[in-house]
Each structure stands twice: as C-alpha cells, then as structure tokens.
Amino acid sequence: MDDPQDPGTFAWPSTQPVQPLGGSGPDWGPAGEEPDPGLVSEDEDGDEYEDEPDEPGGARAGKREKHFWRELLIIVVAAAALTLVVKGFVAQVYQIPTGSMENTLQVGDRILVNKLTYHFRGIARGDIIVFSGQGTWGPDAPPPSSDPVVRILDDVLSGVGLRSTQTYYIKRVIGLPGDRVACCTDGKVTVNGVELNEGSYLYPGNAPSFPFKSVTVPPGHLWVMGDHRGDSDDSRYHTYDAGGGAIPENEVVGRAFFIIWPLSQFRDLPIPSTFNQAALHAGSAGAALVGATAVGGTALSAVAAVPVAGAAAGVGLLGAPWLLLRRRRR
C-alpha cells in the first residue's frame, strides 16, 4: 500500500474533480449544463465555431406564406398589365347591340376584334369591321373636361381601351376607295359592275338592297352595309353626310374575326367567297388585297385568339401551378 506521506510514491485520487457550479469554462454553459451542441461545434481542426440557431417552424411557415402572397400579387399585376396592353393595342371584345348584322351576328353576341390586322394588310371587301361614328354618322363625343386632371385621366383610359365616349358601329365592307357600288342589277348589288352573290350571309328573305344610284367611294373611305339589309342603318342612309355615306378608313378600330360568346355561336368570321371573284380585284383598290384573306384572316388573327376578358385569368392559370410547385419545394 502506498504511503501518502512518502514523497516517492504516487496516489491516484478516488474521484474525478467536480466542475464548480456556474463555472465559466469554455465547454460549459450556465448552472453546470452542457453546451447546446447546436450552438457550439468543432471543425475537423478542433477549432470552435458557433452555428446559427434553428429557426422555429412557425417562422419558416410565415416566410413561405409571405413569399407566396408576394409572388401571387406579381402574377396578378402582370396579368392586369398584359390585359391593358392587349385590349389597347391587340384585340378587344365588343357586344352586338342591334340586329343590323343578323343572322351573321345576333344581338348579345360577343365578338373579338383584331386591332393589328390592318397594320399588316389593307382592309378587304367582305371584312366585318368595327368603326367609330365620330365626325361622320355620329353622335359626336362630348367636349373634353375643363379639368386638366380629369382630361388627362380620360386620355389615358381611352388610350388603353378602358373608356370611350364615342359610338361604334359594326358593318360589312362592300366597297373600297375608288370602287363603284350600285343596286340593283338582276336584283343584286354590284361592285365595279361585278354582281355579288350574297345569299350565304344575308338575313333570310331580305332583298340585297333597295335601289340606289351608282356611288364612287371617295379616297380614304369605305362603303359599308349590314347583313340584315331590311334593318341596317348603313352607307345607303347617309348619302347626304360627309363622304356621301362612306366612312373614313382612319375611324376603323379593327376587324371582327371571331364570335366568342355564346358557345352556340362560337366560330370564326371569314370573308365570303363572292368577294374573291377575280374581276373585283382588277382595279387598283383590289389589286393590293389579293391574298389578304390568308394573311389577315388566319395568321394574324391567331395573335389575338384568346378572349381579352380572360387574359388575367389565363395568366393566373399559367402562373398558379408554378407558384404552388415552388411553395411545395420549400
């Protein structure tokens, strides 16, 4: 047995020393607790570093929710902006208020009007167009507001197609600038002496027109008529107005090319075959429009094939799956 008094002997302590309570050693926390392994760690070299504390689950969920609503707001704003651009410069939906274009267009039909077509090709005979009566058939728009703020706001809203004080009409183009339009030869309307076979689009039982003398369409104007000839206030009734009943080309908004509502009427509005007669295109007005049906009817109409009223919803439907997928992955 080792003698504790003998300096040449070594005695092992029976117990390990106890760390004092509240010790401040580098490896201990308050009140003798072991350090949180998530807060203090050692790297491979033995150097200590402090980890970021784990974020509570509620805080993470809150951040995800915040990101979700922010991204949803971005989608909605982008959709609204796209709708304004499309409506102002590409296409717009109009509702048919009267029966002047029956049976091609019924009262209450919603039609899609392409505003781009005539930037790429000229107006063609047989096109169904929407145009303003400003300065011609009327009624004229009221004078602008005397309040400059209101006037600027009106200009902005009108520029993007959200507001208008003008009256719009929808008719079929029969004569182009320089054309001679008359009725009747063998009971038919003629253009440059060529008879139009209008049975495919005239209202059943209607005569092509009441007789009127030959009219030469002035430069920059169009002779237009409704398909319901017995109930259409068209060029025939405005021969004493400016243009002799013809309407200015610069008042044309665009070409009606599709009926989008009701679903029973859902279809396109092609140019009738009678307007493709070679003799009609012999003059200078018609020569430039050979092939206009193919260029402006199919290819360019596809630019605005989605109803404007559903543009925001369409963008939302496209963006929502992406947004929800991102949310799930977080």
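This is a predicted model: local features need pLDDT of at least 70, side-chain atom pairs count only at pLDDT 80 or more; totals for chains, interfaces and linings use all residues.

Colleague: Good to know. So where does arginine 172 fall, buried or exposed?

Modeller: Arginine 172 has a relative accessibility of 2%, so it counts as buried.

Colleague: And which residue does the side chain of arginine 172 meet in a salt bridge?

Modeller: That would be aspartate 227, with an N to O distance of 2.8 Å. The pair ties together parts that are 55 residues apart in sequence, because arginine 172 sits in strand β6 while aspartate 227 is in the loop between β11 (221–225) and β12 (247–248). Aspartate 227 is buried too, at 0% relative accessibility.

Colleague: Nice. How many salt bridges are there in the whole structure?

Modeller: The search finds seven.

Colleague: Which residues are joined into one network by shared partners?

Modeller: Arg121, Asp127 and Arg255. Aspartate 127 pairs with arginine 121 at 2.8 Å, N to O, and aspartate 127 also forms a salt bridge with arginine 255, at 3.4 Å.

Colleague: Where in the chain do arginine 255 and aspartate 127 sit?

Modeller: They come from distant parts of the chain, 128 residues apart. Arginine 255 belongs to strand β13 (residues 252–261), and aspartate 127 to the loop between β4 (110–114) and β5 (128–132).

Colleague: What about burial in that network? Let's start with aspartate 127.

Modeller: Aspartate 127 is buried, with a relative accessible area of 0%. Arginine 255 comes out at 3%, which is buried, and arginine 121 is buried at 9%.

Colleague: Last one: how does the lining divide into nonpolar, polar and charged residues?

Modeller: Seven of the lining residues are nonpolar, three are polar and three are charged.

Colleague: Great, thanks for the tour!

Technical notes. Residues are numbered from 1 along each chain as its sequence is written. Side-chain values use heavy atoms; hydrogens and water are left out. Ala, Val, Leu, Ile, Met, Phe, Trp, Tyr, Cys and Pro count as nonpolar, Asp, Glu, Lys and Arg as charged, and the others, Gly among them, as polar. A salt bridge is a side-chain nitrogen of Lys or Arg within 4 Å of a carboxyl oxygen of Asp or Glu. Buried means under 20% relative accessible area, exposed over 50%, partly exposed in between (1.4 Å probe, protein chains only). Helices (H or I, at least four residues) and strands (E, at least two) are DSSP runs, numbered from the N terminus.
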